[in-house]
Amino acid sequence: MPVIELKGQSIAYQTRTSKRAKRISVRYSLSAGLEVVYPPGLRQPGPEALLIERSDWILSAIDRFGDARAKLPRREYREGEEFLFRGASYKLSLEKVPSRSRIAVRLRKGCLALSLPDSVSFRESETIRQAIEGFYRRQARSYLPGRVGELAEMYGFKYEKVRIKNQKTRWGSCSAKRNINLNLRLMMAPDEAIDYVIIHELCHLLELNHNPAFWALVESCCPKYAHWKAWFKQHGPRLIL
């Protein structure tokens, strides 16, 4: 990853092309870091010139997001740690079950309960993390495609396939092939928030950009979209596995 020095600070950045972009933009987020986003077919001016031009904004954003990052939960995968599932809070419960050959994960009485075989220690945080991610992935595959189908039928949208991903920077996306991609971590959000993201991506089937016509279409299908858009901005960084 390239690095640029801005007023004495060395900052890593990346560049990418977005089919939705109509102009060059400089972005900073907790998940993606510093990015220069180009529309298709455009690579001038180079990223260094743009970053130097926006250096004051970038340094201010890094300070703001640094404060926010310090307040984010740090996953340790220990007994009692909080996880969200469809908007409700569950405490992580770890128990040994010698008869098991692999980890089992289920929701039980306010707990995200993991049954561990003798071969897995309570301290194997990466193994436990993978088991939890697998649980959310299975739940996402079970729930999200069907909900996309229900909402598409309700509002008259036509799409091709639904794919479940563990994306770092997006809750959802719509491809040129009319496929809907959804983040498995959506299963941590309330059902209405999930519906907003699905409707957002379905609306991109008709309006590729975030123009006034797009937001009018979103509002016609999801009148409370502004609330849930703000909800993700506030709570999204905490939806981590």
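**Close-up 1. An aromatic cluster in the predicted model, formed by W171, Y196, W228, W231 and F232.** The structure shown here, as in every view below, is a predicted model. When neighbours within four places in sequence are left aside, the contacts of F232 are W171, L186, A189, A193, Y196, V197, P237 and L239.

**Close-up 2. The tilted aromatic pair of F85 and F135.** A search of the whole structure finds 10 aromatic pairs. In one of them, the rings of F85 and F135 lie 5.8 Å apart, centre to centre, with 45° between their planes, and the pair is tilted. This pair links distant parts of the chain, since F85 belongs to strand β5 (residues 82–85) and F135 to helix α3 (residues 125–155), 50 residues apart. F85 counts as buried at 9% relative accessibility, and F135 counts as buried at 4%.

**Close-up 3. Arginine side chains over aromatic rings, at F83 and at Y143.** R75 lies over the face of F83, at 3.8 Å from the ring centre. In the second example, R86 lies over the face of Y143, where the distance from the ring centre is 4.1 Å.

**Close-up 4. Strand β8 and its pairing with β6 and β7.** Strand β8 (residues 111–116) has 5 of its 6 residues buried, and is therefore largely enclosed by the rest of the structure. Strand β6 (residues 88–96) runs parallel to β8 and is joined to it by 6 bridges, and K96 stands opposite L116 in β8. Strand β7 (residues 104–108), by contrast, runs antiparallel to β8, with 5 bridges between them; here R108 has C111 of β8 as its bridge partner. The hairpin of β7 and β8 has 2 residues between the strands, and K109 in this hairpin takes a positive phi near 50°.

**Close-up 5. Cysteines C111 and C222 in a model with 0 disulfides.** A search of the whole structure finds 0 disulfides. C222 is in no disulfide, and the nearest cysteine sulfur, which belongs to C221, is 8.3 Å away, whereas a disulfide would require the two sulfur atoms to lie within 2.5 Å. C222 is buried, with a relative accessible area of 10%, while C111 is partly exposed, with a relative accessible area of 21%.

**Close-up 6. The largest nonpolar core, of 53 residues, and another core that lies apart from it.** In the largest nonpolar core, the residues with the most contacts inside it are L112, L114, I132, Y136 and F232. Two or more residues are given to this core by each of β5, β6, β8, α3, β11 (180–183), α4 (191–203), α5 (212–221) and α6 (225–235). Helix α3 supplies the largest share of the core, namely 11 residues. Apart from this core lies another, of 16 residues, with L6, L34, L51 and A61 among them.

Notes: Residues are numbered from 1 along each chain as its sequence is written. This is a predicted model: local features need pLDDT of at least 70, side-chain atom pairs count only at pLDDT 80 or more; totals for chains, interfaces and linings use all residues. Side-chain values use heavy atoms; hydrogens and water are left out. Rings of Phe, Tyr and Trp (its six-membered ring) pair if their centres lie within 6.5 Å; planes under 30 degrees apart count as stacked, over 60 as edge-to-face and the rest as tilted. Helices (H or I, at least four residues) and strands (E, at least two) are DSSP runs, numbered from the N terminus. Buried means under 20% relative accessible area, exposed over 50%, partly exposed in between (1.4 Å probe, protein chains only). A charge sits over a ring if NZ of Lys or CZ of Arg is within 6 Å of the ring centre and within 35 degrees of the ring normal. Two strands pair if DSSP finds at least two bridges between them. A nonpolar core is a set of buried Ala, Val, Leu, Ile, Met, Phe, Trp, Tyr and Cys residues joined through side-chain atoms within 4.5 Å. Contact means heavy atoms within 4.5 Å.
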